[in-house]
Amino acid sequence: MPDPKPAPPPPGTAVRDTARDRVGVVMGHEGPYLQLRPLSGGREWDADPEHVRPLTPEELLRARVAETNARSRAGLGAEPPGR
């Protein structure tokens with residue numbers, strides 16, 4: 001008997017979309033897809049739940065530091081708007 005598919009991560013979960021090699025936060029579900037948004041906000045994208053996995057605490061920290069560094073290099077400040 002095949003293993004049942006695991007439940008998709010709930011909204012608010014930080015995940016990696018392995019198909020696109022992008023990190024985002026689950027915003028919701030639409031049909032068979034998850035809607036993900038970048039950690040600091042921005043445009044959502046659809047992801048196949050089979051290609052999404054929750055981030056470990058270490059991966060989340062690394063992703064947040066990388067975003068902060070990128071914003072700093074772009075002269076946008078350390079904190080994204082709305083924080």
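V15 sits across from G24 of strand 2. Before going on, note that this is a predicted model, where local features need pLDDT of at least 70, side-chain atom pairs count only at pLDDT 80 or more, and totals for chains, interfaces and linings use all residues. Residues are numbered from 1 along each chain as its sequence is written, and side-chain values use heavy atoms, with hydrogens and water left out.

Two strands are said to pair if DSSP finds at least two bridges between them.

## The overall layout

The chain holds 1 helix and 5 strands, and reading from the N terminus the elements go β-β-β-β-β-α. Both kinds of element are DSSP runs numbered from the N terminus: helices are H or I with at least four residues, strands are E with at least two.

All the pairing in the sheet is antiparallel: 5 strands form an open sheet in the order 4-3-2-1-5. Strand 4 and strand 5 are the edge strands, each pairing on one side only. On average, neighbouring strands of this sheet are turned by 50° against each other, direction ignored. For angles of this kind, axes are lines fitted to C-alpha atoms (for helices over the stretch in contact), and angles run from 0 to 180 degrees between N-to-C directions.

V26 faces L36 of strand 3. This hairpin has 2 residues between the strands, and G31 takes a positive phi near 60° there.

P32 lies in the loop between strand 2 (22–30) and strand 3. P32 counts as exposed because its relative accessibility is 60%; the cut-offs are under 20% relative accessible area for buried, over 50% for exposed and partly exposed in between, with a 1.4 Å probe and protein chains only. P32 and D46 are 14 residues apart in sequence, and their C-alpha atoms are 9.4 Å apart in space.

## What packs inside

Buried residues account for 28% of the 83 residues in the chain. In soluble globular proteins, nonpolar side chains tend to be buried together. Here the largest nonpolar core has 7 residues: V15, V26, L34, L36, W45, A47 and V52. Strand 3 (33–37) and strand 4 (45–47) are the elements that give two or more residues to this core. Another core lies apart from it, with 6 residues, among them A14, V23, L55 and A63. A nonpolar core is a set of buried Ala, Val, Leu, Ile, Met, Phe, Trp, Tyr and Cys residues joined through side-chain atoms within 4.5 Å.

Leaving aside residues up to four places away in sequence, A47 touches D17, R20, Y33, L34, L36 and V52. Contact means heavy atoms within 4.5 Å. Among contacts in the chain between residues at least 6 apart in sequence, 32% join residues at least 24 apart.

## Salt bridges

The whole structure has 4 salt bridges, each being a side-chain nitrogen of Lys or Arg within 4 Å of a carboxyl oxygen of Asp or Glu. One of them links R16 and D21 at 3.0 Å, N to O. R16 is partly exposed at a relative accessible area of 22%, whereas D21 is exposed at 57%.

D17 pairs up with R20, with the closest N and O atoms 3.2 Å apart. D17 counts as buried because its relative accessibility is 1%, while R20 is partly exposed at 46%. R37 and E44 also meet through their side chains, at 3.0 Å, N to O. R37 is partly exposed at 26%, and E44 is partly exposed at 34%.

P54 belongs to strand 5 (residues 52–54). With a relative accessible area of 48%, P54 is partly exposed. Not counting residues up to four places away in sequence, P54 touches T13, A14, V15 and E59. P54 and V25 are 29 residues apart in sequence and 9.4 Å apart in space, C-alpha to C-alpha.

The chain's accessible surface comes to about 5,900 Å², and 54% of that belongs to carbon and sulfur atoms. Accessible areas come from the Shrake-Rupley method with a 1.4 Å probe; for residues, only the protein chains shown count as cover.
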